[in-house]
Amino acid sequence: YRAGAALVSTPYWLGRLVDPRGAGVLAALLMIATPLVLDNGSQLLPDLPAATMVLGAVTILVWHWRRSGVSGPPTTADRAVFVGVGLLLGWAYLVREFIVFWFPIAVLVVIVLRLPWSRARLIVAGVAGVCAFELAWGAVFFGDPFTRILAALNQPASAPWRVAQRTELVAGGAIPDTHLEMLVALPRSLVDLRAGWVLAVLFLVLVVAAVMVDSPALRLLALWTVVPLVLLMSAVQLAWLFDDRILRVEKLRYWLPLLPPLVVGSVVGILALGRQLAGDRGRRAAVALVGVVVAASLGLTGADLDDMGTFTRLGRNQMLELREWASTSGQTCTTIWVDTDQWRASSRWVPMYLRSFWGRPIWHGELRHLNSGDDFVDVSQLETGALIRSRVAIQRRQLEGLPVPDYLQRPPSAWQVLLATNSDRIRVLGVGDSTCARP
């Protein structure tokens, strides 16, 4: 949620840097009025934080250019800024590997804003420092410096269950299956959203404005939108030649880094075109036009969110609801049961949410496993405590053809429901002679 807030507030800062007269406020409002930001902001996925970090890094570069210019030798503070930008980009890579396709934006900033290449080397040094840390961490703690990279590449795309799932989705037309379908997957997924049509029109406005208006910052925003799009689509086409199962370009969350420059650039472009065509009167008309666009996009976004089953309306998701339960009613439970030994097993994430945001334990009982591999404990052995039933974990085991015990599929009626999350993805059940208090 903090990353989502930053993804909205940083465009305000960037808009003010490019056009101080209202562009920042309008850009931030338009960011809020998009379903991609609101929906992904309510999900615990790495795409939005990584996009926010890249946005922050580039915005810091633009801020430094506005504040200090490019003349004269860099000061110690200047060097710290550029190394910090590199560290932020490296952090984004640690959060989401494919974000490297947006790293050329830093090069575009150097070229378009005519920054000295000596400062670009400081950015590279920051990124290299993070990569060195990653390699050292893997070597020390896992015995292989490339552990994380190999783990990222070793996705279960070739597993039989995944191949069967993909075949079914291709047959239903839900995902692309040819080079041409790959190319049109993004615009097709975009216009499937009502508010997506607004973004499509804004993209055209940005391109036209970048051509017609003599503004380095506006050209940078246009290139920031177009160049990574071309690079990533080219990479998708190349990768698809070797393995047609590894990339899912129809997932709009993968394209979140395109949204901030598109929104800020289109707002700045509309205001610049209005001023260029009719002076101050044209600018005022352009401000009114952007206001209408924001209102229309917000209305369409509301309708889109009604159709999205993943949007969390309470400002929190199932993991955070579980953390709240563990810190309150869950204190009466001495044992928590979780499933394990599977890609989406509860044991992989539950321990994190039995701690506070800062890592402090908030629950002090015993965490026990329901299974070892495919062997689950018998229901008679569940004598006390709370059992965390994850709908996602159950569905994944069924999809992979792994056994699921009856008490997970159809919990006994005697088990009390201690917590049912807003999305109903998680239920905490009091088993046996559980002493756990109900909320």
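Residues 24 or more positions apart account for 74% of the contacts in the protein with a separation of 6 or more. The model is a predicted one. Its chain has 439 residues, and 47% of them count as buried. The secondary structure comprises 17 helices and seven strands.

Start with helix H2, residues 23–32, and helix H13, residues 259–307. Their axes are 5 Å apart, and the packing angle is about 145 degrees. The crossing of H2 past H13 is right-handed. On the H2 side, the contact includes Ala23, Leu26 and Met31. On the H13 side, the residues met include Leu259, Pro260, Val263 and Ser297. What classes of residue make up the contact of H2 with H13? It has 17 nonpolar residues, one polar residue and no charged ones.

**Aromatic rings**

A pair of aromatic rings is described by the distance of the centres and the angle of the planes. This structure holds seven aromatic pairs. One of them joins Phe98 and Trp102. Their ring centres are 5.9 Å apart, and 80 degrees lie between the planes. The pair is edge-to-face, because an angle over 60 degrees counts as such. Are Phe98 and Trp102 buried or exposed? Both are buried. Together with Tyr254, Phe98 and Trp102 form one aromatic cluster.

The charged end of Arg148 sits over the ring of Tyr93. From that end to the ring centre is 4.9 Å.

**Two residues in helices**

Now take Gly56 and Val184. Gly56 lies in helix H4, residues 47–68. Val184 has its place in helix H10, residues 179–191.

Why does Gly56 count as buried? Its relative accessible area is 13%, and buried means under 20%. Val184 has a relative accessible area of 38%. That value falls between 20% and 50%, so Val184 is partly exposed.

Gly56 touches Thr10 and Leu88, leaving aside residues up to four places away in sequence. Each of the two residues can also be set beside a partner from another part of the chain. The table gives the separations.

| C-alpha pair | Apart along the chain | C-alpha separation |
|---|---|---|
| Gly56 and Ala6 | 50 residues | 8.5 Å |
| Val184 and Val249 | 65 residues | 9.4 Å |

Terms used
Residues numbered from 1 in each chain as written. Predicted model: local features only at pLDDT ≥ 70, side-chain atom pairs only at ≥ 80, totals over all residues. Heavy atoms only, no water. Phe/Tyr/Trp six-rings, centres within 6.5 Å; stacked < 30°, edge-to-face > 60°. Buried < 20%, exposed > 50% of the residue type's maximum accessible area, 1.4 Å probe, protein only. Lys NZ or Arg CZ within 6 Å of the ring centre and 35° of its normal. Axes fitted to C-alpha atoms, helices over the stretch in contact; angles between N-to-C directions. Helix = DSSP H or I, 4+ residues; strand = E, 2+ residues; numbered from the N terminus. Left-handed = near helix turned anticlockwise from the far one by under 90°. Contact = heavy atoms within 4.5 Å. Nonpolar A, V, L, I, M, F, W, Y, C, P; charged D, E, K, R; others polar.
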